[in-house]
Amino acid sequence: MSLSITASYFKAAVSQRRIGVMRSGFLTSGIRSLSTSATNVATEEHEPKFLKAVEQYFDRAAKYSDASEETLKHIKSTDSVLSVTFPVEKNGKVVMIRGYRSQHSRHRLPCKGGIRFSSAVDLQEVEALSALMTYKCAVVDVPFGGGKGGIMINPQEWTEAELERITRRFTLELCQKNFIGPGVDVPAPDVGTGAREMGWIADTYRNFNPQDVNGAACVTGKALSLGGVRGRTEATGLGVYYGVREFLAFPEVQERIKHHGKVEDTSVIIQGFGNVGYWASKFFESNGAKIIGIVEHDYAAYNLSGLNIEQLSLWRKEHGSFKGYPDAQILDNPMALLEAECDVLIPAALERQIGLRNAHRIKAKLVGEAANGPVTPGADQVLLKSGKVVVPDLLLNAGGVCVSYFEWAKNLSHLRFGRMNKRWDERSKGQLLALVEGNAGRPLSEVERRQLIHGAEEHELVYSGLEDTMIVACNETRQTAIAKGIDYRTAALANSINKIAASLAGSGSIFTNA
């Protein structure tokens, strides 16, 4: 990606963050209703719930790992779960609020995972997501254990002041039970939460831990003014782009799905137009792909010649939905668009969107799981047997936690990335360029010179670190899949299990043996 494109996307990220704050309630309700209603359409009653699905995937991958039976039991089990209730006054009445925080694995600390606000939050969902975070961190070599949290509320039904009280009270509970801290457990945004809520959490933690000089690292996904990192907003969507790009370049994938292997002229349908779906679509579009469909909870937009993502986003912001958008066919049965012909289908909403009821009708050649758990185990087998390639969630949507790691490291170092070396790099490049100009006998223009000697800004370093992380993780997954003759999900999970097992073996245990 060129420097000019990178810079333009960083500016757009700042703008999109402001838009996201203004319409956070709409996005939250839209994504959540998409999850519940679409799940009923996609899944059979006997299909496993999310936690069981994660466990089934684990059991399948465990057979190809090098871990012992005892170690596998340890890795699979959840370490700690916190369940709290507390009262909050609303309209003169007291409402009891329930919240959860799950620490699936503390083989590496801190634990890491988002906090979501949704009326559908339950303990099983939080445990499943925390387990997925453990495996996700391991597959991309982020040194965290897995965690996840949630508060059982619909944020649309509460005012900003009420949401602040709820967030701060939940943070107090986490502080009292030692479930938050830079070296203990570090939350992040998730469904229904964003930089605003992370700021409230950070401020509450700081007030109860004023002596902690590293207190800003107690949470990631913060605003830049509170210690956030540039590039975090678009990180998950950018990671999705990098991951799909890498898999399309693999010769065996090209052979399996009969694809030319380049992002250019690849047709893409994306389910979900929140943060992840929006940014994934922007990066695919800017690199030559055709986004022919965007699926939301109420409507879907379809244009075989390609959608203009920015225009579609602005229309939805102004009108509340895709309805009436003039440059696309608008479908009021949005789930049907998942079954349309395309090269790449990216579910970027929530879990269990492709199940046994619709898996056999999916025509996409490659399914990239930008959401957590969008494909059930049964549907996964249907897709694989029909010749599809499935790029798993624990690998593909790891961009968020990867850049959260960068933000955490930035907060601990108390230093912006690039601050110490940007000017030195520019001077060194300038001296080298002067020698080249002298030998060539032709001076460069000022524009050319600035482009060549440009020192990396923080967001460019973040993009570079994320790209390298995704390239390495995709290639590790590919190598394991080829060596063992298994699918990419099983390969990625097997790699995760082996890395966690190695960490456990290396640290040993004080109490396991007599």
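Is Tyr 405 buried, partly exposed or exposed?

Mentor: This is a predicted model, in which local features need pLDDT of at least 70 and side-chain atom pairs count only at pLDDT 80 or more, while totals for chains, interfaces and linings use all residues. Residues are numbered from 1 along each chain as its sequence is written, and side-chain values use heavy atoms, with hydrogens and water left out. Tyr 405 counts as partly exposed, because its relative accessibility is 26%, and the term covers what lies between buried (under 20% relative accessible area) and exposed (over 50%), with a 1.4 Å probe and protein chains only. By the rule that rings of Phe, Tyr and Trp (its six-membered ring) pair if their centres lie within 6.5 Å, with planes under 30 degrees apart counted as stacked, over 60 as edge-to-face and the rest as tilted, there are 15 aromatic pairs. One of them joins Phe 144 and Tyr 405, whose ring centres are 5.7 Å apart with planes at 90°, so the pair is edge-to-face. Tyr 405 belongs to helix α14 (residues 399-413) and Phe 144 to the loop between α5 (123-139) and β4 (145-151), so the pair ties together parts that are 261 residues apart in sequence; helices (H or I, at least four residues) and strands (E, at least two) are DSSP runs, numbered from the N terminus. Phe 144, at 1% relative accessibility, counts as buried. Another edge-to-face aromatic pair is formed by Phe 247 and Tyr 488, at 4.8 Å centre to centre and 75° between the planes, and both Phe 247 and Tyr 488 are buried.
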